[in-house]
Amino acid sequence: MTDPFVRLERLAEILRELVDIESVSLGEEPLLDRITALMPMDRFDLVDDVDGVRCFLPRETREGASLILLAGHADTVPIGGAALPSTREGNVLFGRGTADMKAGLTVMLALAQDRGPDSSDVDLGFVFFGREELPITQSALLPLLERKPELGKAGLAVLLEPTANAMEVGCLGNLNATVTVHGLSAHSARPWLGRNAIHVAIEMLAPLAGRPAHEVEIDGLVYREVVSVTTIEGGSAANVLPDLVLARVNVRYAPNRSPAEAEAWLRGTLAHPDLDVHVEGNAPPGPVAVSNPLVHRLLRAGVSSVGPKQAWTPVAEFGMAGIDAVNLGPGDPRYAHTDEEQVDISALAECYDIIRRFLERPEEG
């Protein structure tokens, strides 16, 4: 395809079809089935279709060729106020999932459909999976990587999460905890007879609220560790000292820190006899794979910039399986999860070209 208009319209047609199939987390199967129907099965084998996953590997592999995995999640957050079905204005498509991340899925499908015999030194596989927008304890990707250890031989996984076609390396760990503060109820006119759980919570949570972002440099990339109290509830009446407060705390930590270290830091910071910390989930950070030669090759293919991933993505799950991974996708992250979610079709063409050049061995320079 050489005509730019024809190429844009083809990408727009695929994207619109994917967006118009509702796929809120736990409801991805219809979309995964349609993706399977759109894959060229004369060149790829469906090697896993269990529990919210569709994994395709090349039917013919070549000795000495590196395996590259293109990966993306099929689920979206709830529809909310976003458009469904999608709407289009010029080259911009609006609707839930356009940016995060059905634009990336569209690029994956277009590359699969166009992939033919060539002189490239890499083999190409595809991983489509659900439940990414849910806690890691409900992951569909981790079980796949356990079921298919042969995927561990991949030289690189490219996760087409929304990055506006920049490369984002690694990712932050994501710890969520519920903090329970115990007090003793009493009449508010005689507070010395009780113990105000809200006052204890203010005292103990203040260091978290006042903690500035902590910058951590790894291989020239700066990750910002942050902690936030995201919800708090307690108290029953205006004249009663509360005996219980529940607060939820979110910790985002750098790739040089383990999940156990992050949890130990939080527990140490909140150590108090009237306070319990229950960790609800602790998704590990993703390794910073800047030394991988395939990452440098991808950069040479026309990536505009490289930076840290100031969030959590499934690159961490690939890292847990020993697979280097990076984030690179056409969606703009500022529109992800918003009621105005949208993507410019030209960004899909740009992403397609970058990955195509990467597969075709870009020149040194």
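Biologist: Which backbone nitrogen lies 3.0 Å from a polar atom of the side chain of T163?

Modeller: That's the backbone nitrogen of G329. Keep in mind that this is a predicted model, where local features need pLDDT of at least 70, side-chain atom pairs count only at pLDDT 80 or more, and totals for chains, interfaces and linings use all residues. Residues are numbered from 1 along each chain as its sequence is written, and side-chain values use heavy atoms, with hydrogens and water left out.

Biologist: Which backbone oxygen lies 2.6 Å from a polar atom of that T163 side chain?

Modeller: The one of A166.

Biologist: Is T163 buried or exposed?

Modeller: Buried, at a relative accessible area of 4% (buried means under 20%, exposed over 50%, partly exposed in between, with a 1.4 Å probe and protein chains only). T163 is found in the loop between strand 7 (156–159) and strand 8 (167–169).

Biologist: Switching to helix 5, where's the kink?

Modeller: At E203, about 30 degrees, shortly before the proline P207. The bend is the angle between axes fitted to the seven residues ending there and the seven starting there.

Biologist: Which residues of helix 5 are buried?

Modeller: A197, V200, A201, M204, L205 and L208. They pack against strand 9 (173–182), strand 11 (221–234), strand 12 (244–253), helix 6 (259–269) and strand 13 (275–283).

Biologist: What reaches the backbone nitrogen of I198 at the start of helix 5?

Modeller: A side-chain oxygen of N196, to within 2.9 Å.

Technical notes:
Helix = DSSP H or I, 4+ residues; strand = E, 2+ residues; numbered from the N terminus. Contact = heavy atoms within 4.5 Å. Polar contact = N/O pair within 3.5 Å; in protein donor to acceptor, adjacent residues only side chain to side chain.
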